[in-house]
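Visitor: Hello! I am new here and would like to learn how to read a structure like this one. Could you show it to me and take my questions?

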Amino acid sequence: MLQYDLVVVGGGPAGMAAALQAKEEGVAKIVILERAESLGGILEQCIHTGFGLHYFGEELSGPEYAGRFIREVQQTDIDVMCDTMVLDISDANVVTAVNKTQGLMQIRATAVVLAMGCRERPRGALSIAGTRPSGIMTAGTAQKYVNIDGYMPGKKVVILGSGDIGLIMARRMTLEGAEVKVVCELMPYSSGLQRNIVQCLEDFNIPLRLSCTVVETHGKERLEGVTIADVDERLQPIPGTEQYIPCDTLMLSVGLIPENELSKGVGVPLDNVTKGPVVDEYRETLHPGIFACGNVLQVHDLVDYVTEESKIAGKGAANYIFGKKKGGAYAATKGVNGVRYIVPQRVNVRGGEKVKLYFRVGQVYRNAKVTVTCNGQTLLSRKRPKLAPGEMENVTLTEEQLAAMNEGDEIVVGIEE
Amino acid sequence: MKFDVAVIGAGVCGALITRELTKYDLRVALLERANDCAMGTTKANSAIVHAGFDALPGTLKARYNMRGVELMPAVCADLHVPYKNNGALVLAFSEEEISSLGALLARGEQNGVPGLEILNRDELVAKEPHIGETAVAALYAPTSAIVCPYELTIAAVENAVANGAEFLRNCEVTAIAPDGDGFTLTTSRGLIEAAYVVNAAGVHAGEVAAMIGDDSITVINRRGEYYLLDKSQGALVSHTVFQCPTVMGKGVLVSPTVDGNLIVGPTADDIPDGDDVATTAEGLATVVSKATKSVAGLNMREAITSFAGNRAHLASDDFIIGPSAVNHHFINVAGIESPGLSASPAIAEGVAAILQRVGGGFAENAAFDPVRPEPVRFRNMSTEERAALVAKDPAYGRIVCRCETVTEGEILDAIRGPAGARDVDGVKRRTRAGMGRCQGGFCGSKVVELLARELGVEMNEITKFGGGSNIMFDRTK
Amino acid sequence: MKRNLVCIACPIGCPIEVELNDAGEVVGVTGNTCPRGEAYARTEVTHPVRSLTTSVKVEGGVHPVVPVKTAAPIPKEKMFDCMQVINAVTLQAPVAIGDVVVKDICGLGVDVVATNND
């Protein structure tokens, strides 16, 4: 059996940042297990720019952002195994993985960082009626076909869902000569970033239809068209608003789901809203020695935040490995009044450090206040010009504020209009 | 091309009939208009081996169903396809329905179904804790089982091919002319001569029979819509849970599948086009409302796909299995709706017997081997078995489909097999790659790549399921 | 005259109001929360520019295409002209991040550079 201080599952931006941080903290033996042929994760196919503004202070493409971390990893003695799939993690933190060259491996790990990322919600989860021809795919799959394989996955395209990948693909397909007919969004607002609506849709006169969905697909072999319809407040299609749009491709950008099959396998409790593990301020799950960061923990809109979060997890894993994890008293975080979730879900109030809470809201707010209370006391109240579900927010609690709390206290974050 | 027997239609019946005929010294061709076998009714049904209490005593349905139930375990064992005897429950929601259960029990006993029993609510809940609150009683049928219809069909075709049969795909029959003692078939792959023809064309059996002037078959296309739920829901029930049957069929069932998912459906709507397998918003809504009556706590958010299939219903409500009145060398196998899958091994046996009778006896094929070698199934192996496998062949060390843990080696096996996969859905049905919760989002392009490499074509020539179902257009550059 | 914009300089997407005089000159920018926002607004109402990202054909590498970008933003209306030039290029592997793929594309004074290795 192989032995490592730290096994990092996933070599995307999250896994690399966690491994690098743990290395910097002095962890000796680290291995990154990556299922793709190379490090970089999903960034390898995200060839548009917009990455790194926070973290590097410049605007990079996905491969460039990943490239900086790949180079750093290569300059350390961190082991990397690509084309390697983790099959299972045992209760005793034994990681079973397999690849073509080393075969089946069992690795005993002192600590594990879960950084498997997320997957796209497929058509099946939507129950769109109609035929099941070729030409219906997730936006991410289409992105891989265009940007990695170099093939056009469609010529006349309808996009369902205005998440960032959908918006980015609208522009990408247009630049490559396809006609993007419309982007339909079920909700009355887009879950994508405003900048992407401007530079991916408006720049190319691609219509964005809010409160609209695809109700039926047509065509026996290749997709020939879709029927779209407006939806009411309960998100149900309104009879009489149906419209047929001829197209050969339907791209879905209807949500991302953290890929937690391994986490479930080892019995890590998950948060019902984030679909990621319940973690503390160092992103340690409720299973000792197992940490989680990046999109496997919560779906992020910016990779810069993934890096930030993963460095925290890397530091936490190092502390755990060196036996420096502080004993403590845990307060729970709780989102109310429009705050859908908070990460971390629990905070060690004896940690002696400030803690940043990340959260998302459930609807668009303008000029609202974010408030943080504990035991009926307001700790923080901050005005925000705009809050939107597509944009992750954060608030910071000071060391002093936390020190005043006790085991079992509730840190409540809410929105006041 | 010249054959002794041409079997038209590579559904579960055509496949098992072809395999059965390779037991004899016959040149057999299996003609399929699609790019793969199991592309019609076979790939979209409830996947149940019915105990046999539903069919009316004395009908072909009853006879073949009972014999099929008897043969199925051994056929599945020989072909190495999963078979699970999970038992069935028919729910009653009212006093009136309890009396229907009594009638079903009596009918079943008359058909010779063993072990039937009426359960009260307490006994029912003891068997199925998640049963719907309003269910008051149930008929319990311990011999009911589940199989995977397309796996069974693929395995039967592979075994038939291994035993000398020829599998001709993309081979649509457009005309059949009597020719001496036999027939000349005009197909999309040229003329095919055959001494005997077996018409196992599913919803198109009427059209095929009409090609020889036999107008006795009028198929009513009865569409059934289904949901397939994630494995997270697969343990909600362990039995196949029916509601009381109606004139339109056995109604909406909730059942585990042999792969651990949960299948919910079907609806029953008669439609004009037998090839129209579009789902409808109303149909899917009906499935949900009926299924949630049977089983409480069904989480439809865990649906991974929905689909529809058409079954070939006849007004007589019975199978037609036998020589055509127009030409005795032409055997009709028509109206094969439920319990067609259950009956399929018996139908194969029966058709072989009919052909023996019509043809005056065939010599046996001494080389016939009933066993289809067990395919590698990495996901079902222990750690030690996996280690040994990968050490022997590294292709099994690369996982292509993450959701279902399918290796590159298994996908290569599926493509290189005796009736190998030629498209993405073919790989999916043989290996489960793309069958999981992400529905091919990650592995789809890998599968396309492997197919292109193995078949020696460009990626954009690879289709989802043959015909014009290409996945990609031209290169971007 | 007033024009309302959404800033695309960073992912925050601030709503910006630009005030123009009759000559079309910018006389005021409000709503931005950083200097980059003001710069964006001034450019956007006078001569809008965008970064162009796409891919270019490569032979002899691991992949058939390698991603590229314009090293600096280019005039928005020139995007499709630049696409045509880029689509006509075939690189030979190896390609490294930062390699110049097209120099001074369309005479705009901007290079197209590779954004991944192959």
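Visitor: How many bridges join β10(A) to strand β15 of chain A?

Guide: Two bridges join β10(A) to β15 (residues 212-218) of chain A, and these strands run parallel. Strands (E, at least two residues) and helices (H or I, at least four) are DSSP runs, numbered from the N terminus, and two strands pair if DSSP finds at least two bridges between them.

A word on the model: it is predicted, so local features need pLDDT of at least 70, side-chain atom pairs count only at pLDDT 80 or more, and totals for chains, interfaces and linings use all residues. Residues are numbered from 1 along each chain as its sequence is written, with chains lettered from A and ligands numbered from 1 in the order in which they are written.

Visitor: Which strands are the edge strands of that sheet?

Guide: The open sheet has four strands in the order β10-β15-β16-β17 (chain A), with mixed pairing. Its edges are β10 (129-130) and β17 (243-246) of chain A, each pairing on one side only.

Visitor: How do I read two packed helices?

Guide: Packed helices are described by the angle between their axes and the distance between the axes. Here, the axes of α1 (residues 13-24) and α7 (residues 303-321), both of chain A, come within 7 Å and cross at roughly 40°. The axes are lines fitted to C-alpha atoms, for helices over the stretch in contact, with angles from 0 to 180 degrees between N-to-C directions.

Visitor: Which residues of α1(A) and α7(A) meet?

Guide: Among them are A:Pro13, A:Ala14 and A:Leu20 in α1(A), and A:Val303, A:Lys311 and A:Ala318 in α7(A). Contact is counted when C-beta atoms, placed from the backbone, lie within 7 Å.

Visitor: Is helix α1 of chain B buried or exposed?

Guide: All 10 of the 10 residues of α1(B) (residues 12-21) are buried, so this helix is largely enclosed by the rest of the structure. A residue is buried if 20 or more other C-beta atoms lie within 10 Å of its own, exposed if 12 or fewer, and partly exposed in between. The buried residues include B:Cys13 and B:Arg19. They pack against elements of chain B including β1 (2-8), α5 (149-162) and α8 (340-359).

Visitor: How many residues does the contact take from chain A and chain C?

Guide: The contact takes 22 residues from chain A and 20 from chain C. On the side of chain A that touches chain C, α5(A) gives the most, with four residues.

Terms used
Contact = placed C-beta atoms within 7 Å.
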